[in-house]
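Please look at the sequence and the model before reading on.

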Amino acid sequence: MGTTSTERSKKRVHLWKKAICHFLLCFVMGFFTGFAPTGKPPFMTFMSSEVTRYNQSIEIAPRPMVSANSGSNDSSVSNRSLSETSNSTAEEVNSLEESQINNLYPRRQIIVITPTSDKNPLRGVLLNRMANTLKLVPPPLLWIVVESQLESSDVSDILRKTGVMYRHLVFKENFTDHRVEMDYQRNFALKHIEQHRLSGIVHFAALSNVYDLNFFDEIRAIEAFGSWPLAKLSTKRKKMIIEGPVCQSSQVVGWHLKNLNTEVEELGIHISSFGFNSSILWDPERWGRLPAAEATKQNSLKFVKQAVTEDESKVKGVPSEDCSKVNLWQLHLSSKLVLVNHVPDSPDGGPR
Amino acid sequence: MKQLSLLQQQALGRRSNSFRSVDGAVDGAIKSPAALFWLLLHGLCCLISLVLGFRFSRLVFFLLFSTTSTPSSSSSSTITLPFLGTLDNQSPSILQPPIPANRTVVSRVVVGRHGILIRPWPHPNPEEVMRAHRILERVQKEQRIQYGVKEPRSVIVVTPTYVRTFQALHLTGVMHSLMNAPYDVVWIVVEAGGPTNETATLIAKSRLRTIHIGFDQPMPVSWSDRHRVEDLMRLQALRLVRDRRLDGIVVFADDSNMHSMEFFDEIQKVNEVGALSVGILVHSSDPNEHLQTEKMEDEGSSLPIQGPACNSSDNLVGWHTFDTSPYAEKSAVFIGDLGTVLPRKIEWAGFVLNSRLLWKEGTEKPEWMNDLDTLADDGVESPLSLLKDPSVVEPLGSCGRKVLLWWLRVEARADSKFPSGKLPNETEFWRILAMEWVIDTPLEITVPAKHTPWPEVPPELPSVEKVKTSEQRFVEEHPVKKPPKTRNKKRSSRGKKKRETKVTETQLNSRRPGEK
Amino acid sequence: MEIWKWVFFFMFIISFGGLEIDAKKRSQPHPTERISGSAGDVLEDDPVGRLKVFVYELPSKYNKKILQKDQRCLTHMFAAEIFMHRFLLSSPVRTLNPEEADWFYTPVYSTCDLTPNGLPLPFKSPRMMRSAIQLISSNWPYWNRTEGADHFFVVPHDFGACFHYQEEKAIERGILPLLQRATLVQTFGQRNHVCLKENSITIPPYAPPQKMQAHLIPPETPRSIFVYFRGLFYDVGNDPEGGYYARGARAAVWENFKDNPLFDISTEHPTTYYEDMQRAVFCLCPLGWAPWSPRLVEAVIFGCIPVIIADDIVLPFADAIPWEEIGLFVDEKDVPNLDTILTSIPPEVILRKQRLLANPSVKQAMLFPTPAQSGDAFHQILNGLARKLPHNRSVYLKPGEKVLNWTAGPVGDLKPW
């Protein structure tokens with residue numbers, strides 16, 4: 001009896017030991033699985049929400065990838081109720097999106113600046129035509145339309161219906177000289193770009209411009225400065241005028257000139273015939289330029305023009321093969337109809 | 001979130017699996033219930049210890065994690081972490097279930113000063129930008145589906161054209177409007193003098209369904225003849241619509257028209273024949289014409305309009321026609337004349353009709369329609385001559401009050417003989433090749449030594465090739481043979497010649513910064 | 001052996017205790033209450049017949065005379081208190097017999113004392129409110145019966161019944177002691193805030209309905225702005241250091257997204273503000289000094305998906321409007337990732353939100369039109385009051401029982417008005 005009992009108790013102790021041994025083993029196993037990477041540990045589920053939230057909160061800083069994840073997490077959290085109701089569609093969407101992402105190769109932003117004046121009776125019509133063209137340009141494109149606040153709101157009315165991503169800037173100043181006003185408007189738009197530090201290729205589009213759509217693909221290739229030929233058509237003249245660069249390959253080596261007597265001081269490329277990277281406005285050091293002095297700060301347009309004209313070697317000819325293809329036309333109409341204030345020989349395409 | 005639920009499922013799956021394995025063991029040891037019980041208990045305890053081990057390790061993990069990296073942003077400190085909470089009072093009260101901090105401090109809102117979170121990567125992610133644009137596109141499409149025309153009909157656009165200086169400019173404008181129209185567009189381009197490659201390459205860019213046909217007469221120079229020829233071209237297109245039984249709304253878009261996008265929505269309303277107002281942009285190319293334009297301004301800036309006129313109850317009562325009297329003396333006779341190009345009684349632009357009217361025959365054909373073939377012989381005055389009874393016209397565009405398209409007839413001077421090779425009176429410095437609008441620039445530039453834009457000794461091969469290609473282009477237009485030369489030579493020799501014959505237009509040499 | 005057993009036992013409990021809490025946490029969803037059905041089924045309730053309101057007749061110095069002094073009170077964001085009064089006077093739920101009334105309304109215009117700039121100065125409001133309550137409690141028996149538990153007050157100012165425009169001071173003051181049993185109808189909605197009383201009814205701020213109506217453009221106008229915002233980013237005048245105003249969230253919006261062409265954000269208020277909202281997909285509604293702003297109302301009216309950046313905001317009529325489905329909530333700490341968050345929403349979700357926003361009953365619930373229309377904000381307030389009926393037995397005090405302390409609060413508030 002006694003032996004059996006001791007044996008039994010021994011056996012029991014042994015059994016307990018064995019059990020505890022098992023438990024410990026399991027415990028250790030669990031312990032180590034806990035250290036495994038947070039992807040697939042088996043009993044991780046009840047922790048993971050905390051883990052992700054925690055990660056999110058501390059990694060607010062430098063890694064865009066992480067933030068992208070957290071972002072999508074968040075949106076799905078707030079839309080939980082929706083995804084529950086339409087799970088199947090959401091999945092379809094996902095697969096659809098994935099296939100879309102492949103076609104979503106990023107393009108460079110184009111910023112088109114268009115100054116307008118109610119002295120141009122064709123303004124509305126031409127805005128419509130310009131919008132039709134810009135709507136066809138693959139995104140991203142931002143259209144900055146400037147107008148004086150004194151004028152009627154038909155501009156915003158027209159713009160609104162176009163579906164183009166635009167910003168409509170208004171200013172209060174009054175001008176008598178059309179040319180000065182146009183330059184002021186361009187500066188006004190540049191100031192907006194500078195204040196917002198918008199990044200992209202800036203192009204000044206006069207309302208009378210007509211574009212081949214290739215134009216916009218071409219100017220996306222500009223790194224710092226670019227220039228291209230522009231054909232001016234007029235009903236009055238027998239010939240048309242080409243303004244813009246003369247190139248060798250994509251290198252600008254000279255300019256088409258209106259006439260020989262042009263003073264060097266007056267020399268300017270046509271305002272619609274060059275484009276530049278907007279970062280020169282708000283980050284000039286990046287392009288090896290001193291920040292604009294106070295005087296030129298007021299006149300960003302001058303600053304940019306200077307930068308373009310003083311050294312052609314930095315200017316890229318567009319299109320890159322010899323910049324000989326005309327993708328941009330400008331139609332000159334009668335001075336009396338288009339502009340009430342006759343401006344003699346304005347470089348921006350005023351009538352002559 | 002999705003990932004999370006997946007994990008959960010996985011874990012659940014595993015758990016049930018492990019239970020199932022226990023069940024399997026049960027089957028084997030079914031004989032003694034006590035043994036079964038102990039085995040079950042044993043298994044369960046094993047499982048529990050596994051869980052405990054895992055949890056414990058996570059606790060340790062968190063402890064390490066939290067001490068090494070303290071949250072930097074102010075807002076993150078407000079996030080409650082129950083497990084950190086338990087660890088803080090670990091030693092004394094570990095045996096009590098932790099009270100989540102959430103319960104007591106429920107609000108995350110802290111009164112006082114907060115940090116302004118600025119991320120160090122300020123530039124928009126280009127891929128996200130594209131995605132945003134895609135969203136916008138989708139939203140706009142949905143708006144069209146929801147509020148736009150239900151069951152849209154296709155649009156058949158008839159455009160007479162011919163190759164000339166302004167063609168690219170005008171036709172591109174119309175083309176862009178058509179490309180934007182959110183409907184099926186069939187574009188019938190009738191070209192005077194037969195189809196040309198110039199026009200074909202231009203309209204091919206539209207990627208629309210185009211039908212490019214020729215008309216056997218060249219475009220005349222006088223405006224009145226031209227109107228007549230254009231009418232015949234339009235009739236030819238209408239016959240094509242009839243013969244091919246194209247279904248849709250026929251629109252007459254001249255290449256000098258400009259359209260608002262609403263135009264295309266508006267014409268969908270037409271049943272049989274409709275008319276819209278056309279804004280006439282009178283353009284005078286006579287620089288001496290001060291008086292008239294000033295007079296126009298006095299009359300108000302509203303543009304002259306041509307189109308249907310309605311009474312107060314929106315019934316068609318007549319037509320607004322363009323008052324030509326102020327321009328009578330100065331109107332243009334020839335294309336490119338110094339004068340105003342005036343519209344005639346009723347322009348085709350702004351006139352739309354259902355294409356089925358054209359191919360209905362016999363009794364189906366409405367009585368008020370004229371026959372296309374008889375018209376062709378008599379000649380057509382205006383689109384109204386298609387109809388025997390003009391009162392059937394439906395006035396569109398809020399009964400003509402809304403102007404949705406404009407008419408701007410401007411042409412280059414007739415003597416700019418485009419596209420016959422180079423343009424007249426141009427200097428030799430550049431020429432426009434008709435088809436492609438390519439400047440053929442011989443590079444006669446004297447290059448300042450300091451500022452050489454290309455190497456002194458140019459890389460031979462590419463430059464030779466370049467000359468060849470440009471020569472080829474040249475040869476196509478002019479059967480002038482030139483021996484291939486290197487660019488340098490050509491430049492110096494021709495440049496010299498040019499400098500002697502300088503005219504008004506030239507190129508400026510590259511400037512050095514010091515020149516200023 | 002025993003020890004081992006106990007150790008296991010305890011560990012067991014800990015681990016599963018933890019699990020339980022996790023589960024609880026998870027099952028507690030976003031704290032906003034909302035209805036399960038589609039938007040509008042509660043919004044379309046008709047309050048008439050479900051409650052009766054007695055409007056106290058007060059001397060005009062508590063309401064009309066104040067308005068006469070400054071007509072701007074009719075157009076500012078807090079004008080709801082005036083329009084609510086006018087509405088109730090002619091409403092079918094009004095009863096002239098206080099004995100059968102479910103609710104009592106005291107018309108006091110507490111936010112109609114404006115600075116020259118048109119901003120309300122609520123310094124005198126506590127004294128005014130106190131004086132009005134003293135008046136009704138001495139002239140009618142109904143206040144003393146419940147000490148205000150069946151009374152409601154419209155206090156639309158930033159921090160509601162705390163009556164101070166600075167949050168810290170407002171918190172210090174707390175809700176006016178005399179209003180502690182009353183139901184408050186307030187614009188301010190910040191969860192777990194001292195100044196937001198439990199059982200309050202949160203209403204939208206007043207936005208001029210006629211003016212907004214006049215700026216409506218056709219719904220097919222293509223939406224070409226991705227994100228739109230007009231307003232202050234820094235309130236330099238009141239918060240020169242930055243970080244107090246909008247808890248830094250607005251400043252973060254500017255600093256992170258001014259250079260993003262998709263974000264049409266600026267401090268300038270253009271004449272086309274309302275039209276621009278109608279051609280935007282997302283409209284930012286970040287907090288200001290208080291968590292709400294009129295942008296919320298504007299966004300809903302103009303069909304622009306409101307992106308609400310205000311942690312723990314309590315939205316107007318949250319028990320009737322499915323805010324989570326029509327709007328988008330972004331934590332203040334996630335503002336720097338706003339672009340990622342917005343661009344990663346599937347287009348289908350966006351379209352669904354737009355469809356829900358197009359629901360006229362949600363729009364109607366945001367407005368205080370004159371004359372009132374069924375389903376408008378007035379009716380929603382009444383619906384909210386009706387849902388609180390019947391009153392709990394505990395609101396009625398035993399004879400002689402006193403709960404309120406008439407002498408509590410800052411000494412300045414005790415002065416007669």
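Is B:Cys399 buried or exposed? In this predicted model, B:Cys399 is buried, as its relative accessible area is 8%. The torsion about their S-S bond is -85 degrees, which gives a left-handed link. B:Cys310 belongs to strand S8 (residues 305–310) of chain B, whereas B:Cys399 belongs to helix H14 (residues 397–400) of chain B, so the bond ties together parts that are 89 residues apart in sequence.

Over all chains, the count of disulfides is four. The table lists three of them.

| Disulfide | S to S distance | Torsion about the S-S bond | Handedness |
|---|---|---|---|
| C:Cys73 and C:Cys112 | 1.9 Å | about 110 degrees | right-handed |
| C:Cys162 and C:Cys195 | 2.0 Å | -110 degrees | left-handed |

**Chain C**

C:Cys73 and C:Cys112 are joined by a disulfide, and its torsion of about 110 degrees makes the link right-handed. C:Cys73 sits in the loop between helix H2 (64–69) and helix H3 (80–89) of chain C, and C:Cys112 sits in the loop between strand S3 (103–105) and helix H4 (125–139) of chain C, so this bond ties together parts that are 39 residues apart in sequence. Both C:Cys73 and C:Cys112 are buried.

A further disulfide pairs C:Cys162 with C:Cys195. It links distant parts of the chain, 33 residues apart: C:Cys162 is found in the loop between strand S4 (151–154) and helix H6 (167–173) of chain C, and C:Cys195 in the loop between strand S5 (183–186) and strand S6 (201–202) of chain C. C:Cys162 and C:Cys195 are both buried.

When the bonded cysteines are counted along chain C, the disulfides follow the pattern 1-2, 3-4, 5-6. C:Cys285 takes part in no disulfide. Why does C:Cys285 remain without a bond? The nearest cysteine sulfur is that of C:Cys283, 6.6 Å away, whereas a disulfide requires a pair of cysteine sulfur atoms within 2.5 Å.

Technical notes:
Residues numbered from 1 in each chain as written. Chains lettered and ligands numbered in written order. Predicted model: local features only at pLDDT ≥ 70, side-chain atom pairs only at ≥ 80, totals over all residues. Heavy atoms only, no water. Helix = DSSP H or I, 4+ residues; strand = E, 2+ residues; numbered from the N terminus. Buried < 20%, exposed > 50% of the residue type's maximum accessible area, 1.4 Å probe, protein only.
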